[in-house]
Amino acid sequence: MHQQYNYGAALQASQRINWQVDDIIGGEHRLDFSRRFMPESLARVEELRFLSADEKRILNQIRGYGYLYMFGLVEEFILPYVLDHARADLDKDDLRTRAYLQFASEEAKHIHLFKRFREAFDADFGTPCAVIGTPQEIAKIVLSHDRLSVALLVLHIEWMVQAHYVGSVKDDTRLDEHFKSLLKHHWMEEVQHAKLDTLMIMELAKDRTAEEIATAIEGYLALGGIFDGALAQQTKFDMETFMKATGRKLDEAEQGAFMQVQHQAQRWTFIGSGISHPNFLATVGAIAPGADEKLAQVAPAFA
Ligand SMILES: [Fe+2]
Ligand SMILES: [Fe+2]
């Protein structure tokens, strides 16, 4: 698959897209809180049958807020990561340098976009949403790992974003149009990131022994474990925000069901849908034959 990708084509595609943050959020672009933001396959609010239709919509919106917060959070480590990768070989290939700088610049724009979204959400939702953090602390933990482990995590995220948009968001007519447009514009640029990140992994893996690559894949799984812990914490925050926003006091059994269903929904959203993505697994298989099958076996726990 990586043979199909090249820096020049990715750069050209990126330059054709080139939208501005102001075109998407702020000004007359207001979120419509009478609608849902997230597709049900990621939000999984319907499984919580003890919630009313309005409560399900509000929980769905809280999940939308957390979804974009999480994107912003991961992009806080992707940005320096890509810059460092480009900087290590600035004089090697002009198209390579420009494609990576474009990639980094788009992630900086996405960080800005997601912050603007949060301002718009906060202005109209009425209840502050609690979130894990801080992005800077999490970036520090992630970036202390092997560079190839981080590159695998980034590739997982890039393909995951595409699976969500194409598979669940694009054709869902029930969702708020502005939220959807934001996801669409983000996705358009992420298409190139997945290709560039594939090239990055091939560069990082080419001089490593099979053992070193296996260790890097272990490191990627360890990062997944760290994120799983963070997702459990975020689920707890979402439950607290939900009770504040709706005034509904969930009893002990309802809280248990909320935590179970919503943590698993978060796991599928951020871990399962990335680790099981065929293009992600193809790249893993290309650098470590057989490791793709092992990862595919881990995936059902996050489905
Ligand atoms: Fe992004
Ligand atoms: Fe990206």
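The legends below describe close-up views of a predicted model.

Local features in this predicted model need pLDDT of at least 70, side-chain atom pairs count only at pLDDT 80 or more, and totals for chains, interfaces and linings use all residues. Residues are numbered from 1 along each chain as its sequence is written, chains are lettered from A and ligands numbered from 1 in the order in which they are written, and side-chain values use heavy atoms, with hydrogens and water left out.

Figure 1. The iron ion (ligand 1) is coordinated by Glu75 (OE), Glu107 (OE), His110 (ND1), His186 (NE2) and Glu190 (OE), at 1.8 to 2.3 Å. Donors are N, O and S atoms within 2.8 Å of the metal (3.2 Å for Na, K and Ca); water is not among the atoms, so sites may look incomplete. Along the chain, the donors of this ion follow the spacing E-x31-E-x2-H-x75-H-x3-E. A distance of 3.4 Å separates the iron ion (ligand 1) from the iron ion (ligand 2), and Glu107 coordinates both. The pair Glu75, in helix 3, and Glu107, in helix 4 (residues 94-125), links distant parts of the chain, 32 residues apart. Helices (H or I, at least four residues) and strands (E, at least two) are DSSP runs, numbered from the N terminus. Glu75 and Glu107 are both buried; buried means under 20% relative accessible area, exposed over 50%, and partly exposed in between (1.4 Å probe, protein chains only).

**Figure 2. The largest nonpolar core.** A nonpolar core is a set of buried Ala, Val, Leu, Ile, Met, Phe, Trp, Tyr and Cys residues joined through side-chain atoms within 4.5 Å. The largest one has 100 residues, and those with the most contacts inside it are Leu68, Phe77, Tyr100, Phe117, Phe121 and Phe280. Helix 3 gives the most to this core, with 16 residues. Leaving aside residues up to four places away in sequence, Leu68 touches Phe114, Phe117, Phe179, Leu182 and Leu183, where contact means heavy atoms within 4.5 Å. In soluble globular proteins, nonpolar side chains tend to be buried together.

Figure 3. On a 1 Å grid over the protein atoms alone, a cavity is a set of points where a 1.4 Å probe fits but cannot get out, and a pocket is an open set with protein on both sides within 12 Å along at least five of seven lines; lining residues have an atom within 4 Å of a point. Grid points are joined across faces, edges and corners, and a volume is the space filled by probe spheres set on the points. Two or more lining residues come from each of helix 3 (53-87), helix 8 (210-246) and helix 9 (252-275). Helix 3 gives the most, with four residues. The lining divides into five nonpolar, four polar and two charged residues. Ala, Val, Leu, Ile, Met, Phe, Trp, Tyr, Cys and Pro count as nonpolar, Asp, Glu, Lys and Arg as charged, and the others, Gly among them, as polar.

**Figure 4. The second largest cavity.** This cavity has a volume of about 50 Å³. Tyr67, Phe71, Val161, His164, Tyr165, Val169, Leu183, His186 and Trp187 form its lining. Helix 3, helix 6 (147-169) and helix 7 (177-205) each give two or more residues to that lining, and helix 6 gives the most, with four. Seven of the lining residues are nonpolar, two are polar and none is charged. His186, part of this lining, also coordinates the iron ion (ligand 1).

**Figure 5. The largest pocket.** About 240 Å³ of space lies in this pocket. Of its 14 lining residues, Ala214, Ile217, Glu218, Ala291 and Lys294 lie nearest its centre. Helix 8 and helix 11 (291-298) each supply at least two residues of the lining, and the largest share, six residues, comes from helix 8. By class, the lining has 11 nonpolar, one polar and two charged residues.

**Figure 6. Leu221 and its contacts.** Leu221 has its place in helix 8. Because its relative accessibility is 31%, Leu221 counts as partly exposed. Apart from residues up to four places away in sequence, Leu221 touches Ile275 and Leu295.
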